[in-house]
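Work through the exercises below with the sequence and the structure at hand. Try each task before reading its solution.

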Amino acid sequence: MDRLPHTGVSTTSPSDLSPSRAPLTTVAVVGLGTMGTGIAETLARAGREVIGIDIDESACRRAVTAIEVATARAVHRERISERERAGILDRFRISTDLRAAADAELVIEVVPEDYDTKHEVFAELDTVVSPSAIIATGTNALSVTRLAAESAHPERVLGLHFFNPAPAMKLVEIVSSVLTAPAAVEAVTALARDLGKEPVALGDRPGFVADGLLFGYLNQAAAMYEAKYAAREDIDAAMKLGCGLPMGPLALLDLIGVDTARTVLEAMYAASGDRLHAPAPILGQLAQAGLTGRKAGRGFYTYEAPGSGAIVPDAATAAVGHSTEGARPVRAVGVAGSGTMASGIAEVFAKAGLEVVLAGRTLEKAAAAKARIGKSLQRSVSKGRMTERAREQTLARITPADALDAFADVDLAVEAVAEDLVVKQELFRVLDKVCKPGAVLATTTSSLPVVACARVTSRPQDVVGLHFFNPAPAMKLVEVVHTVLTADDVRATAHAVCAAVRKHPVDCGDRAGFIVNALLFPYLNNAVKMVQEHYATPDAIDAAMKLGGGYPMGPFELLDVVGLDVSLAIEQVLHREFREPGLAPAPLLEHLVAAGCLGRKTGRGFREYAKA
């Protein structure tokens, strides 16, 4: 057995599976890929004796180097001392022989996601380790119960799912089968907490919580790209800017590994029968071609080198780009509506130097919306983001109005009224009459068909979707939605306007949910189904997605903020359009909406809130 440059000797011995068992002090990690190495580093940093095992000697050496580099970087950043680094290196030893795990009280298996491979490791471990040692699988897709049932001691087998990168990510999913001894779960839970992690206890189902929600979403993003609905860059930008995610779904698939994602989805589909979990064909095509993502140097994107995270231009990059050639000039904008979204959009245009007519149902409502903009701008002044003079100039560009007749000279008319197709269509009929020829007519709908608004006008070629996100002044994303009737110069104008107001446009066709909502709301719906099926609590699911996926909000926090009624309406639209059984709204969501539990706005949704 090889050890890092500093030498030490393990003096621990196996303990039993009783509730009073001693803390786990000697741990073997089998499989020294990226995840296994990260887990080994995490354990050694926490004072555990760690035995790293891999049949590939080069993998063992890479693990040694990786931990040396990581700890040296930590010293340079003054996060640990040289003495602490020496202790970490001293506690990590390597071997190519599974028998090196003989003294381990816990063995964590992190070999490739292949049942036969894992079963072979488990069978050999049964002959190597003490009967009282705990054996954990790092799988995120395969059945923990099946591995346990075929083990000589099924009571000591459980799932221990870390997230990548293991030293940084806080979440650890601890997965029990019906055969797992409670004492084993308790011991591993205590270890996870001692590592500074947040353990979440779960039952055995493919994907568990975090990956169970994440991979369905990733699969739909892959299918969206495969259908040529939107460019890969636009899909990724939409989810990063629209939802605050740390990575876009296609870049994340490349990081995880296209082949790994396909394996997880195959297991999920076998268990659920939900077609949304059936791997998108493009995943199989890429995997079979060896284009498995970053590790291969090419997947959905092309990378500088295998293992590199640096994306380089390729043939698909050349095809991307939002042309503004032939865009119509836009100097004056009309915004119809007086609510939060309308006032936010009007503020965005006015700050960019455009003249804005803000039309409400009454002059009082329009004036109130302008006053709201004034308060928003004043907050920017108080935070030093703009001068008082700039605030005054911005407000001077906004003219309140009580009728759409005031839009007679605008170059762009944007409706931001209630999300009701009848209301929007009536407004577009009026805009068609009052706006000058050549004016672009835009809807801010987030779920209704843009073409349904276009068809009630005599100039459907001039109609486009401009889906801003709330709050409009802060959110960078705008979904530019073209219909089959939208003229090319109108589409170009929409992109030019986004550039003028410093927003990031993503281009997509006119179908339910566009990019963001079509990917976001099925994920939220699946989270509700997990609670409905008593698999996990809202708190556990929120923690899993924030700590394991890097999401800014958990799904139930987000549902309560968005409004359960709004969420249900969007999910109903998606279900009607795509006819996928898996998109049917969860009955629990329908029941909460029927009971008037709509989230923060009513004081109760998935959680209760103090009344203002």
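**Exercise 1: The largest cavity**

The largest cavity holds about 30 Å³ of space. The model is a predicted one.

Task: Find how many cavities of 30 Å³ or more the structure has, then find which residues line the largest cavity and which element gives the largest share of that lining.

Solution. 

Step 1. Rolling a probe the size of a water molecule over the atoms shows where empty space is left.

Step 2. Searching the whole structure gives 1 cavity of 30 Å³ or more.

Step 3. The lining of the largest cavity is made up of F521, P522, N525, E571, L574, G582 and L583.

Step 4. Two of the elements to look at are α19 (516-532) and α22 (564-578), each of which supplies at least two lining residues. The largest share is that of α19, with 3 residues.

**Exercise 2: T180, buried or exposed?**

Task: Is T180 buried or exposed, and which backbone atoms lie by its side chain?

Solution. 

Step 1. T180 belongs to the loop between β8 (171-176) and α6 (182-194).

Step 2. The relative accessible area of T180 is 11%. Buried means under 20%, so T180 is buried.

Step 3. On one side, the side chain of T180 reaches the backbone oxygen of V157 at 2.9 Å. A polar atom of this side chain also lies 2.9 Å from the backbone nitrogen of S177.

Step 4. Beyond neighbours within four places in sequence, T180 is in contact with P154, E155, V157, L158 and V185.

**Exercise 3: Backbone angles**

Task: Where are the cis peptide bonds that end at P165 and P471, and where do E78 and K228 with their positive phi lie?

Solution. 

Step 1. Most residues other than glycine have a negative phi, and most peptide bonds are trans.

Step 2. N164 and P165 are joined by a cis peptide bond, with omega about 0°. P165 is placed in the loop between β7 (157-162) and β8.

Step 3. From N470 to P471 the peptide bond is cis as well, with omega near 0°. The loop holding P471 runs between β17 (463-468) and β18 (477-482).

Step 4. E78, which is not glycine, has a positive phi near 60°. E78 is in the loop between α2 and α3 (82-90). Its relative accessible area is 74%; exposed means over 50%, so E78 is exposed.

Step 5. K228 also has a positive phi, near 60°. K228 lies in the loop between α7 (210-226) and α8 (232-243). With a relative accessible area of 76%, K228 is exposed.

Key: Residues numbered from 1 in each chain as written. Predicted model: local features only at pLDDT ≥ 70, side-chain atom pairs only at ≥ 80, totals over all residues. Heavy atoms only, no water. Helix = DSSP H or I, 4+ residues; strand = E, 2+ residues; numbered from the N terminus. Buried < 20%, exposed > 50% of the residue type's maximum accessible area, 1.4 Å probe, protein only. Polar contact = N/O pair within 3.5 Å; in protein donor to acceptor, adjacent residues only side chain to side chain. Contact = heavy atoms within 4.5 Å. 1 Å grid on protein atoms, 1.4 Å probe; cavity = no way out; pocket = protein on both sides within 12 Å on 5 of 7 lines; lining within 4 Å. Points joined across faces, edges and corners; volume = space filled by probe spheres on them.
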